[in-house]
Every structure is written in C-alpha cells, then in structure tokens.
Amino acid sequence: MSMSEVDKIRVTAASAIERSRERRRPIGTKSVALRRQHLYKKLGRVLIAGGIVLIGAAVFGALIQPLGFTGLLALFILLIGVAVLFGRSPFPEPRQADLPKADLKQLAGRTEIWLEAQRPALPAPARQLVDGIGVQLDLLAPQLQTLDAASPAAANIRKLVGEDLPELVAGYQRIPAGLRTEAHAGRTPDETLVGGLKMLESEIGNAARSLAAGELDKLATRERYLQLKYQGIDGEDVPAS
C-alpha cells in the first residue's frame with residue numbers, strides 16, 4: 001500500500017471520527033434534558049416491571065413451592081428479558097414535519113435535537129451559528145413554559161423556530177453537495193445558509209428578550225406597587241391606617 005493510500009485512509013478515518021463527535025455533541029441544555037427525561041422514564045419502566053416479577057416470584061416461592069436453583073435461573077433470565085424488553089425503546093428523534101406541531105414547552109429542546117442531527121452536514125461557519133442558536137433556544141425555553149399556546153406570540157415563535165429555521169437547513173441539504181459553493185444570483189448556497197442562520201439567531205434572541213421583558217415589566221410594576229403601598233412615593237414610611 002502506497003503512502004498516498006495510507007494518507008487517504010487516515011484522512012477518511014479522521015473525518016469519520018470528527019463527524020461522529022459532531023453528531024454526539026449537544027448544542028443546548030434543553031435537548032440534553034429531554035433525552036435525560038426519556039432515559040429516566042425508560043429506567044422507571046424497567047424497575048417497575050422487574051419489581052413486579054420479583055414480587056410474583058416471592059409469592060410463588062412462599063405459597064406454592066420454593067424456587068430452587070432452576071427457578072432462580074429462570075427468574076434471572078426473566079429479569080434480563082424484562083430489562084431488554086422495556087429498556088430497548090430508543091429516543092424518538094423528531095422529524096422536520098413534527099416540529100411545527102410539537103408541544104410548545106418542548107419546542108426548543110426538540111428543535112435542538114433536530115439541529116444536532118443536521119449539524120455535521122453543514123459547513124463550518126454554519127455549525128458555529130447552529131451552536132449560537134442553541135444558546136438562544138435555551139434562553140427562549142423558560143418563557144415557553146408559561147406562554148399561552150393560543151397567543152399570537154406563540155404562533156410567531158412556532159413559525160420562527162418550528163418552520164423557518166428547519167426549512168432553511170433542510171432546503172440547503174436538498175442542494176447537491178457539488179453545487180453548494182457555486183454562486184447563484186450573486187450568492188452561493190453556503191453564503192445564503194450562513195446569512196439566514198445569522199438572521200434567525202438574532203430573531204430567536206429578540207423573541208426571548210421580548211418575552212422576558214414582559215415578565216420584567218410585570219416585576220417592576222409589582223415592585224412599584226409595593227413601594228407605593230408600604231413606603232410612599234418618595235420612599236418615606238406611610239402611616240398604617
């Protein structure tokens with residue numbers, strides 16, 4: 001084998017390892033929280049099913065006949081089967097079509113998970129912007145926990161996060177790889193993707209700050225009310241009536 005072939009193999013292997021690392025790396029904390037929640041639910045099902053099997057075996061051994069070696073072996077095999085049966089369910093990876101219909105409270109996390117799967121196929125500048133979008137989605141997520149799902153703000157965020165962002169990334173991936181660096185209408189698809197991601201990162205950040213500003217305004221109003229009630233306008237104590 002020539003040195004050039006060895007170099008090609010080395011480069012290919014390094015690229016595969018890098019893609020694997022990129023695929024595993026989360027872009028935000030909400031995607032990690034959703035995966036952890038799924039894992040805990042799966043472990044809970046395994047423990048409950050295993051506990052039922054153990055209780056059944058204990059009742060059988062106490063009321064009917066001792067299990068003995070063969071019974072204990074069968075119990076051990078049964079517990080392994082229960083663990084495999086209830087523990088094999090993988091995390092349901094979101095599809096692009098699922099994001100606009102996702103529960104508003106999980107929209108940020110599920111969008112992060114979808115972006116994490118697409119990230120390795122994007123150019124380096126776009127991957128950095130996807131990381132930034134993950135940060136903005138983390139900032140937005142707490143506001144979505146209390147936002148009315150029927151409000152205009154919720155509809156705008158669903159379109160921004162669940163439709164516009166995924167469609168931009170998916171539209172780029174539908175372009176053949178060999179054409180992504182060729183200019184069309186003055187810009188390459190790579191440049192269009194980067195420009196669109198920059199705009200969406202800014203818009204998601206603005207949405208998070210706008211929703212947070214509403215809560216801050218409520219807090220400031222409440223503080224002012226308490227000042228007027230207990231201290232007076234100028235900070236002087238108001239006699240109790």
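Helix H2 has a set of buried residues: Ser31, Leu34, His38, Lys42, Val46, Ala49, Gly50, Val53 and Ala57. The model shown here is a predicted one. The cover over the buried residues of H2 includes helix H3 (68-87) and helix H4 (107-118).

The length of H2 can be checked against what its residue count leads one to expect. Its 35 residues, at 1.5 Å a residue, should span 51 Å, and the C-alpha atoms at its ends are 51 Å apart, so the two values agree.

Take serine 31 as one example from this helix. Serine 31 belongs to H2, which covers residues 29-63. Its relative accessible area is 1%, and because buried means under 20%, serine 31 counts as buried. Which residues does serine 31 contact, leaving aside its neighbours within four places in sequence? They are Pro26, Gly109, Glu112, Ile113 and Glu116.

Glycine 205 sits in helix H7, made of residues 189-230. Its relative accessible area is 1%, so glycine 205 is buried. Along the chain, glycine 205 and leucine 139 are 66 residues apart, yet their C-alpha atoms are separated by 7.6 Å.

Now turn to charged side chains. Side chains of opposite charge can pair when their charged atoms come close. The structure holds 5 salt bridges. One of them joins aspartate 131 to arginine 119, with 2.8 Å between the closest N and O atoms. This pair links distant parts of the chain: aspartate 131 is in helix H5 (residues 124-144), while arginine 119 is in the loop between H4 and H5, 12 residues apart from it. Is arginine 119 buried or exposed? Arginine 119 is buried, because its relative accessible area is 3%.

Another salt bridge is formed by aspartate 164 and lysine 159, whose closest N and O atoms are 3.0 Å apart. With a relative accessibility of 30%, aspartate 164 counts as partly exposed. Lysine 159 also counts as partly exposed, at 43% relative accessibility.

The side chains of glutamate 167 and arginine 174 form a salt bridge as well, with an N to O distance of 2.5 Å. Glutamate 167 has a relative accessibility of 36% and so counts as partly exposed. Arginine 174 has a relative accessible area of 55%; because exposed means over 50%, arginine 174 is exposed.

How values were computed: Residues numbered from 1 in each chain as written. Predicted model: local features only at pLDDT ≥ 70, side-chain atom pairs only at ≥ 80, totals over all residues. Heavy atoms only, no water. Helix = DSSP H or I, 4+ residues; strand = E, 2+ residues; numbered from the N terminus. Buried < 20%, exposed > 50% of the residue type's maximum accessible area, 1.4 Å probe, protein only. Contact = heavy atoms within 4.5 Å. Expected span 1.5 Å × (residues − 1). Salt bridge = Lys/Arg side-chain N within 4 Å of Asp/Glu carboxyl O.
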